[in-house]
Amino acid sequence: MLELSKYTKELSIQFERSDNILIVAHINPDGDAIGSQLALYHYLRSLNKTVNLLSPNNLQDFLKWMEGAENIQVFIRNRKKSIEMIRNADLIVMVDFNQMNRLGEAEEEVNKSSARKIVIDHHLDPVGNYDLIISDPARCATAELVYGLITELNGRPFGGRAFSECIYVGIVTDTGNFEHGNYTPDTFRIVATLLESGLQKEKILNLIYNNFSAARMRLLGYALNQRMVVMHEKRTAYIWLTREDLDNYDHSKGDTEGFVNMPLSISGVVFSALFIEKEGFVKISFRSKGTFPVNEFASKYFGGGGHLNASGAEKKDSLENTINYFLEALAENDQKLAESLR
Ligand code: 5GP
Ligand code: MN
């Protein structure tokens with residue numbers, strides 16, 4: 001795990017020097033991206049800093065309740081204002097990603113900006129030029145790293161309901177409610193501190209996991225029943241959904257969140273993929289159990305990335321071609337699949 005004190009001095013200098021700080025989440029922001037972004041926001045606001053918030057695209061409903069989320073500017077919804085925000089910033093902090101292409105349509109403007117740039121993240125192998133990289137893949141969530149950094153900066157745990165909820169959301173969502181990911185005893189020490197400070201974990205769990213529409217539940221039923229292919233010999237299962245499928249079930253953003261994890265509960269299956277047809281491309285999610293490295297798989301065959309057991313990518317092709325390409329890629333991985341979680 002990273003020695004945080006090595007970074008906090010530089011980080012506090014960067015914060016002190018800055019009059020206008022912009023904190024940016026990655027495209028399709030998840031609980032960890034938004035949790036980390038807002039936790040940092042609450043801390044910096046307590047120091048009376050001017051802080052703006054940007055997301056490349058829309059937040060899913062299950063994150064919109066978080067305090068401060070209403071202040072997140074969405075690039076594709078208001079380009080003019082977003083570009084103005086980027087141009088006015090003298091410090092840009094990027095959380096939970098380490099490749100500029102995760103900025104979606106905001107990438108070009110952020111690249112053009114002369115603001116100092118900081119990355120706070122837990123993915124492997126940062127790509128790009130930044131003034132400061134605080135990257136710790138040993139952390140289960142960027143929010144855990146943010147918590148550590150702010151505790152160090154603050155001299156003691158930073159409090160407040162909103163802050164605690166943000167950290168908790170990041171940790172809970174990136175570990176699938178403590179089911180996967182590289183959480184450590186340190187993770188639970190942080191959670192213990194949050195609970196001692198009065199965090200209402202049940203309220204948050206209900207807001208995140210028990211907050212879906214009936215249509216989403218029916219779509220899941222359909223996906224598992226009609227669109228899941230299990231290849232026991234490959235220890236792999238995949239699910240595919242067409243745009244028509246999504247329309248038929250009155251799909252709204254975020255409804256397919258979590259579907260990709262389901263096949264991993266089948267005995268013997270160590271690799272799961274989800275293909276969702278979008279306009280002009282396919283959104284892909286990968287998950288694995290054990291040692292099968294889905295980040296390498298996503299990056300090698302699809303130009304994507306992520307973590308050992310959770311990754312994703314996009315492919316500009318038809319659903320059919322994408323799945324055929326996936327099956328070809330799979331054939332090159334028999335050995336690794338056979339070895340995973342034996
Ligand atoms: P999800 O399947 O939930 O969309 O993504 C799982 C993880 O994979 C994310 O936390 C992120 O780290 C990574 N990921 C998802 N999509 C992409 C992508 O298009 N490119 C890259 N580099 N990583 C992705
Ligand atoms: Mn994360």
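Arg-139 is buried, with 5% relative accessible area. In this predicted model, the side chain of Arg-139 forms a salt bridge with Asp-136. The total is 15 salt bridges. Side chains of opposite charge can pair when their charged atoms come close.

**Asp-136 and Arg-139**
- The N to O distance in this salt bridge is 3.3 Å.
- Asp-136 is buried too, because its relative accessibility of 4% falls under the 20% limit.
- Arg-139 counts as buried because its 5% is also under 20%.

**Arg-189 and Asp-186**
- The side chains of Arg-189 and Asp-186 meet in a salt bridge, with N to O at 3.7 Å.
- Both residues belong to helix H7, which covers residues 185-196.
- They sit three residues apart, so about one helical turn separates them.
- Arg-189 is exposed, because its relative accessibility of 52% is over 50%.
- Asp-186 is partly exposed, at 24% relative accessible area.

**Arg-227 and Asp-245**
- A salt bridge joins the side chains of Arg-227 and Asp-245, at 2.8 Å from N to O.
- This pair links distant parts of the chain, 18 residues apart.
- Arg-227 lies in the loop between helix H9 (214-226) and strand S7 (228-231).
- Asp-245 lies in helix H10, residues 243-248.
- Arg-227 and Asp-245 are both buried.

**Network**
- Salt bridges with shared partners connect Asp-136, Arg-139, Glu-144, Asp-186 and Arg-189 in one network.
- Among its members are buried Asp-136 and exposed Arg-189.

Note on methods
Residues are numbered from 1 along each chain as its sequence is written. Chains are lettered from A and ligands numbered from 1 in the order in which they are written. This is a predicted model: local features need pLDDT of at least 70, side-chain atom pairs count only at pLDDT 80 or more; totals for chains, interfaces and linings use all residues. Side-chain values use heavy atoms; hydrogens and water are left out. A salt bridge is a side-chain nitrogen of Lys or Arg within 4 Å of a carboxyl oxygen of Asp or Glu. Buried means under 20% relative accessible area, exposed over 50%, partly exposed in between (1.4 Å probe, protein chains only). Helices (H or I, at least four residues) and strands (E, at least two) are DSSP runs, numbered from the N terminus.
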